[in-house]
Amino acid sequence: MVRQDALSLRCPKDWKLETGAMEYTGSQYIGEFVDGRMEGDAEYILPTETKYIGEMKDGMFHGQGTLYFPNGSRFDAVWEKGLVVKGTYTFSDGLQYDTENWHYCDSYDRRFYTEICYGLKPAGISQLTNMDPPRKIPPGCYDCGDGFYNPNTRIVKDYNYRFLRNADDDEHEWIVRTCRKGWDETMGPEPKS
């Protein structure tokens with residue numbers, strides 16, 4: 001639902017939105033209305049700061065449109081009645097996902113995309129993530145890709161320390177098993193003092 005004070009009525013069948021907020025969803029819509037429905041070229045901003053810019057019809061993504069994610073990645077797609085017909089996902093570093101010939105970070109080539117583009121570091125200096133230098137992980141937490149995970153509270157916060165979600169048991173186990181830690185661990189026997 002759009003606040004009525006955000007609308008300027010031009011014609012009973014054609015409303016134009018100056019700016020406004022969706023009362024119940026926390027989203028924001030900037031665009032045109034036809035018969036009281038979101039339709040035409042528009043910008044739709046979700047509470048997560050994900051932004052859709054493109055065509056809408058009957059209140060749904062319809063036609064050419066792009067989703068812009070807060071981490072800098074994007075999804076360019078053709079939509080039909082809110083569903084994707086075809087699209088391309090591009091990571092924030094410019095790497096495009098290819099559904100048919102995806103060979104990035106597979107068993108044949110474990111290099112990060114920045115290493116593929118700019119070369120490997122000298123021997124002995126390893127690159128831990130695609131971001132160089134990597135993010136500093138708070139002590140006791142894990143870097144789970146979209147934020148930091150605290151295993152004691154089971155909360156994932158984004159890199160600006162805003163709440164994202166509570167981790168269920170499966171996600172907790174996966175993060176603890178596979179993600180980078182915010183502390184060093186001694187491998188092998190402890191040295192004698």
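Start with R135 and Y159. The charged end of R135 sits over the ring of Y159, 3.5 Å from the ring centre. Keep in mind that this is a predicted model.

On to the aromatics. A search of the whole structure finds 11 aromatic pairs. Take Y29 and F33: they pair edge-to-face, at 5.3 Å centre to centre, with 75° between the planes. Both of these residues, Y29 and F33, are buried. Next, F75 and W79. This pair is also edge-to-face. The centres are 6.1 Å apart and the planes make 85°. Buried or exposed, F75 and W79? F75 has a relative accessibility of 17%, so F75 counts as buried, the cut-off being under 20%. W79 comes out at 8%, so W79 is buried too.

How do these rings connect? Y29, F33, F75 and W79 belong to one aromatic cluster, which also includes Y44, Y52 and F61.

Now the backbone. Most residues other than glycine have a negative phi. Two residues to look at here. D35 has a positive phi, near 55°. D35 lies in the loop between β3, 28-34, and β4, 37-45. D35 is exposed, with a relative accessible area of 52%. K81 is not a glycine either, and its phi is positive, about 50°. Where is K81? In the loop between β7, 74-80, and β8, 83-90. K81 is exposed, at 58% relative accessible area.

Last, H172. This residue is in helix α2, residues 169-178. H172 has a relative accessible area of 11%, so H172 is buried. What does H172 touch, leaving out residues up to four places away in sequence? Y149, P151, R154 and A167.

How values were computed:
Residues are numbered from 1 along each chain as its sequence is written. This is a predicted model: local features need pLDDT of at least 70, side-chain atom pairs count only at pLDDT 80 or more; totals for chains, interfaces and linings use all residues. Side-chain values use heavy atoms; hydrogens and water are left out. Helices (H or I, at least four residues) and strands (E, at least two) are DSSP runs, numbered from the N terminus. Buried means under 20% relative accessible area, exposed over 50%, partly exposed in between (1.4 Å probe, protein chains only). Contact means heavy atoms within 4.5 Å. Rings of Phe, Tyr and Trp (its six-membered ring) pair if their centres lie within 6.5 Å; planes under 30 degrees apart count as stacked, over 60 as edge-to-face and the rest as tilted. A charge sits over a ring if NZ of Lys or CZ of Arg is within 6 Å of the ring centre and within 35 degrees of the ring normal.
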